[in-house]
Amino acid sequence: MSTTDVKAILSTLTLEEKISLTAGANFWETVSIADKGVHALKTSDGPNGARGATFAGGITSACFPAACNVASTFDVDIARRIGVALGEETQTKGARCLLAPTMCIQRHPLGGRNFESFSEDPFLSGKLAARNVEGVQSTGVSATIKHFAANEQETQRLSVDEEISERALREIYLKPFEIAIKEANPGAVMTAYNQVNGHHADSHPFLLKRVLRGDWKWDGLVMSDWGGVNSTADSLNAGLDLEMPGPTRWRKVEDVLAAVKAGKLTEETINDRALHVLRFLERQKVFEDPTIPDETAVNKPEHQALIREAGGKGIVLLKNEGSVLPLTKEKVKGKKIALLGYAKEGLAHGGGSASVNAHYKITPYDALKEAFGDDVEITYSKGAHTFRQLPLLAENVVSADGTTPGFTYSIYEPGKSEPIKATQGHKTSEVGILDAFDLENKEIELVGTFTPPETATYYYTLTGLGPSYVSIDDKVVFEQKDNCSDSMGFLFGGVPVPTMKFSFEAGKTYKLQVRSSPPAPVPGTDLGILEGRAGVRFGAMSATEHDRDILSEAVDAAKAADYAIVFTGHDPTWETEGQDQAGFHLPKDGSQDRLVAGVAKANPNTIVVNSTGVAVALPWLSEIKGLLQAWFPGQEAGNAIADVLTGARTPEGHLTCTFPKRLEDCPAYGNFPGKYVDGKLKVKYEEGVFVGYRHFDRLPADKVHFPFGFGLSYTTFDLADLAVRETSADAYSVSVKVSNTGAVEGATAVQIYAGAATPSDDTPIKALVSFKKVTLKPGESATVELPVQVRDFASWSEEAQKWVIKGGEYKISVGKSAGELVLSSSVQISDKSYEA
């Protein structure tokens with residue numbers, strides 16, 4: 001019940017104060033007007049961990065499995081339990097609003113943030129997101145569903161214009177949001193960066209006024225993505241309540257007052273936006289307790305256990321030829337196992353705002369050593385160079401004072417030779433944008449004395465957000481004269497840059513100087529929150545290490561072992577917010593594919609564990625015995641993977657995206673990431689509603705490696721006795737008998753699909769309409785009942801502006817995947833329509 005009269009508080013505010021409430025105070029907090037009783041609220045990223053205020057490093061946090069992993073559990077209870085834990089983690093960072101979950105659709109395998117989202121299927125995405133939101137908000141923390149809407153690519157994400165039919169929007173891209181809004185009532189919605197049909201999402205009348213506030217009758221807080229506001233009057237009029245972060249770029253008091261004076265805005269609109277902010281503060285109990293506690297690192301054992309459980313349950317067994325798995329202790333006692341590739345790295349999360357400084361990360365190498373103990377001989381070899389950028393220089397460097405390890409980091413007014421600030425002991429050859437975010441229109445410089453440990457040629461790279469150069473012994477050896485071509489790529493993962501060479505002599509000292517300016521203004525280009533910022537990165541690696549034949553070392557290790565496990569995937573620089581995937585094949589330049597192929601040729605018992613948030617090319621699939629898709633399982637990654645490999649956990653994950661054989665067969669191929677028209681990127685969602693399995697259902701089955709919903713187990717399941725019973729004019733109850741016909745306990749996701757018995761060319765053959773996870777002991781059976789709502793397989797009629805079902809015969813089927821429907825039952829449905 002309301003305890004604060006927010007309308008009364010609003011009436012005490014001046015117009016200027018009301019305007020100030022519609023933008024953030026700083027990077028994470030809302031504005032405080034303490035003398036009027038209005039205090040700040042703190043927000044925190046993000047989807048798989050509450051990071052707190054520091055983007056890189058900082059207070060440690062629990063790192064949960066990414067949404068792609070959570071969705072692969074097909075387990076709504078897991079989604080809710082993770083939500084509860086995320087809410088508890090958010091409170092340890094002094095925040096009352098978590099910027100999560102991310103719930104856009106995995107439209108194309110090259111999408112940079114697919115890993116943050118749940119699935120290619122809107123129904124699965126919405127149901128899991130709703131339970132996640134419920135969990136978060138049960139702790140008193142607000143969830144923020146994002147990014148509204150159609151943020152399916154990172155290329156030119158600040159400005160790309162997406163042409164999408166209303167039908168595709170309603171059925172595919174808005175559907176997850178609709179489910180979460182109606183079932184879980186999130187406290188906040190975050191708008192997307194991109195444009196949809198010519199309008200930026202932050203000022204989109206159709207999305208914000210017609211759909212969100214109108215059709216769905218939701219009345220929570222609408223906030224922008226960070227730097228995602230593109231107008232003053234338009235965004236306020238459309239219903240964007242809060243511009244983030246602060247200080248404001250678009251809602252300066254004088255600019256808003258000028259818009260009011262010009263008749264572009266009314267005071268009533270400003271009152272409404274400010275009232276939504278006040279109601280959000282009330283909802284989060286800021287008026288009752290305005291304190292923002294200090295951030296703490298609380299490493300809860302129950303969170304550790306949940307992360308391990310959820311991570312393991314989301315791992316998908318894709319291939320198990322000859323029952324090569326599990327590698328039980330009895331099976332491998334006295335054997336030798338070669339662990340290769342990413343075995344010594346815990347690929348726990350993707351890059352960008354979903355990354356956290358985890359309390360710890362368990363690597364597969366450490367977890368398997370622990371699991372097998374002294375009974376198994378473990379060997380290791382990296383086998384593939386996978387670095388996206390050359391490593392930073394951090395060793396054998398002394399600051400300009402001659403004694404402090406590291407670099408001297410100096411800040412200058414543009415064009416000046418004397419620094420306004422200089423700090424000794426900067427640890428690496430990088431100044432990240434976010435590390436220097438409080439600087440505006442300043443130049444930055446790193447200077448250090450480098451003493452090479454060996455005589456060798458070194459490869460080096462330099463990239464800056466703005467014009468930059470590197471000099472060695474006061475001679476410029478490379479200069480970047482222009483702004484970085486991809487500012488978001490620079491921010492989150494790295495962009496392609498020239499690789500240069502320089503010969504160093506062991507024991508000799510060299511003065512290194514790296515200097516960078518903010519981006520030069522370019523007419524028609526808005527860098528958003530990166531405008532006026534500076535960042536620079538210098539990478540270096542000796543040719544001895546760079547050119548070493550580590551593939552042969554790995555092949556030799558595999559040849560000498562009884563089993564070879566290759567850990568492939570994307571580290572956070574390869575799969576990240578800010579840029580789409582570099583390619584369909586695993587990076588770098590085919591190195592991981594060569595590693596798998598070489599190892600498989602050398603060892604007949606080769607198993608691959610792949611950690612990506614997307615489908616990837618599998619050119620070696622026929623050459624290996626076993627394949628696990630591990631996604632990004634969080635800080636317990638190694639333990640979760642080891643549990644499945646050793647049989648401590650029977651795999652029960654199911655794919656939430658289709659794994660195609662070729663990129664060319666994907667529905668968005670040719671329309672991702674779009675084409676430039678008059679210098680602006682535009683992308684047409686030509687595939688319409690035929691996304692994911694809805695598209696592949698119309699192609700021959702051999703176009704797909706593994707269909708949506710696919711997942712093997714160490715046991716076997718039988719589905720029988722399908723019965724469909726009408727429970728109302730708009731709903732059915734589907735029951736099916738599930739039996740564990742194998743030798744170990746296991747779980748499977750019962751998947752219900754529905755579609756017209758005679759499909760039409762303009763409508764998908766089927767859609768997922770219900771699912772349920774079932775766990776059974778060997779020989780055990782259970783009859784499972786699942787609800788099906790007719791509205792969930794209705795189509796949106798642009799003409800009628802309603803959800804419609806054409807009368808006729810429909811099939812309701814139970815499947816082990818979208819590619820394997822086991823049983824079907826027909827029902828007759830009359831013409832129906834439903835309001836938006």
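A residue counts as buried under 20% relative accessible area, as exposed over 50%, and as partly exposed in between, with a 1.4 Å probe and protein chains only. Helices (H or I, at least four residues) and strands (E, at least two) are DSSP runs numbered from the N terminus. The model is predicted, with pLDDT of at least 70 needed for local features and 80 or more for side-chain atom pairs, while totals for chains, interfaces and linings use all residues. Residues are numbered from 1 along each chain as its sequence is written, and side-chain values use heavy atoms, without hydrogens and water.

Strand S25 spans residues 626-629. Gly626 and Leu628 point one way from S25, Leu627 and Gln629 point the other way, and all are buried. In a regular strand, side chains alternate between the two faces of the sheet. Two strands are taken to pair if DSSP finds at least two bridges between them. Strand S9 (residues 316-320) pairs with S25 in the antiparallel sense over four bridges. Asn320 has Gly626 of S25 as its bridge partner. Strand S24 (residues 606-611) runs parallel to S25, and four bridges join the two. Here Val608 stands opposite Leu627 in S25.

Strand S13 (residues 407-412) is mostly covered, with six of its six residues buried. Phe407, Tyr409 and Ile411 lie on one side, and Thr408, Ser410 and Tyr412 on the other. S13 pairs with strand S14 (residues 421-426) in the antiparallel sense over four bridges. Ser410 stands opposite Ala422 in S14. S13 also pairs with strand S16 (residues 443-450), again antiparallel, over five bridges. Ile411 stands opposite Ile444 in S16.

An open sheet of four strands has the order S15-S22-S17-S20, with antiparallel pairing. S15 and strand S20 (500-504) are its edges; each has a single partner strand, so one side of each is left without a neighbour in the sheet. Strands of a sheet pair through backbone hydrogen bonds, either parallel or antiparallel. Five bridges link strand S17 (residues 456-464) to S20 in the antiparallel sense. Tyr458 has Phe502 in S20 as its bridge partner.

Pockets were located on a 1 Å grid over the protein atoms alone; a pocket is an open set of points with protein on both sides within 12 Å along at least five of seven lines, whereas a cavity is a set where a 1.4 Å probe fits but cannot get out. Lining residues have an atom within 4 Å of a point. Grid points are joined across faces, edges and corners, and a volume is the space filled by probe spheres set on the points.

The largest pocket has a volume of about 1100 Å³. Its lining holds 33 residues, with Ala56, Gln389, Glu430, Phe492 and Thr573 nearest the centre. Strand S15 (430-431), helix H15 (487-492) and strand S22 (536-542) each give two or more residues to this lining. H15 gives the most, three residues. The lining comprises 13 nonpolar, 13 polar and seven charged residues. Ala, Val, Leu, Ile, Met, Phe, Trp, Tyr, Cys and Pro count as nonpolar, Asp, Glu, Lys and Arg as charged, and the others, Gly among them, as polar.

The second largest pocket holds about 910 Å³ of space. It is lined by 40 residues, and Gln156, Leu158, Ser159, Thr525 and Asp526 are the closest to its centre. H15 and strand S28 (680-684) each supply at least two residues of this lining. S28 provides the largest share, three residues. The lining of the second largest pocket divides into 13 nonpolar, 17 polar and ten charged residues.
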